[in-house]
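Dear colleague,

My notes on what was found follow directly after.

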Amino acid sequence: MKTNEKSCDKCYICGRSQKIWAWLVLIGIFVCGMMTGVSIWGYRHAHTADSGVYSENLSPCQMREKALVVQIVPDIDDAQFDAADAHKRNADVYDNLMRWGCAENKKKYEELRDAEFSVFDVLKRANGSRPEDQDKPCLVIERTLMEYINTCRGSDCHLYNAEVYSKMAEDGCQENSEKYKQMALNELQIAEGVRVKDGELSEDDVRTTVNTYKKLQMQNEARKYIKKAEKLINPGVDFIMELQRVIEE
């Protein structure tokens, strides 16, 4: 008995019921800690910018910028064999940001585009590209026509850009033809989308669109568009005949 009493003097939790209660208290503390941690994490997650609950109030140009910026290749290793192409792609993205982004950022994106083009040019020369390649007629045509591309707010402007891009696809470098063709089609789609009323469609708009499809060698699409235009503006017979001649030339 004395031995047990002595041993019990040093024991803080001796009885069976005390041990059970001790385990319950420990489990309770553990569960409370877990729930507190989950609650804090959940709160923070729900209020981060990436959470679906969080809503950003972005203007249309800011949304376009956000979509384009993710296409930029960061931290390019200029020692890699494809570094020049990566800089060229970045330059193209900045070029799109100039056209589609917010007006107040246009100068910044122009400087970034030019910087990327400069690095691209240096790397191409270092890799053995001939300087005269930069003055090939098709490249001169592309660079010259690119200066005519506008930052647009209205349908007419987008139709004009589409016609310029179609000219670049037609007379620019063959390896870039598909890219400019897609840009032209994008501009046509935007022109249709930003036109508020069908009644705003003019004969000049129809003529520009048909000419663009012709340059892109999409005569069937041009014919479909003429039928659509007939329903919207009811043009005269002479005008329809003129468009038909444009397609068949």
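The mean pLDDT (the predictor's confidence in each residue, from 0 to 100) of the protein is 77, with 73% of its residues at 70 or more. This is a predicted model, in which local features need pLDDT of at least 70 and side-chain atom pairs count only at 80 or more, while totals for chains, interfaces and linings use all residues. Residues are numbered from 1 along each chain as its sequence is written, and side-chain values use heavy atoms, with hydrogens and water left out.

Confidence is highest in helix 7 (residues 155-171), at a mean of 92, and lowest in helix 1 (residues 2-9), at 46; helices are DSSP runs of H or I, at least four residues, numbered from the N terminus. Over residues 1-8 the pLDDT is below 50, and this stretch has one contact (heavy atoms within 4.5 Å) beyond near neighbours in sequence. Where pLDDT is low, the predicted coordinates should not be read in detail.

The largest nonpolar core has 28 residues. Such a core is a set of buried Ala, Val, Leu, Ile, Met, Phe, Trp, Tyr and Cys residues joined through side-chain atoms within 4.5 Å, where buried means under 20% relative accessible area with a 1.4 Å probe, protein chains only. Helix 7 gives the most to this core, six residues. Tyr165, Val206 and Val210 have the most contacts inside the core. Leaving aside neighbours within four places in sequence, Val206 touches Leu201, Tyr225, Ala229, Ile233, Phe239 and Leu243.

Yours sincerely

Methods:
Helix = DSSP H or I, 4+ residues; strand = E, 2+ residues; numbered from the N terminus. Buried < 20%, exposed > 50% of the residue type's maximum accessible area, 1.4 Å probe, protein only.
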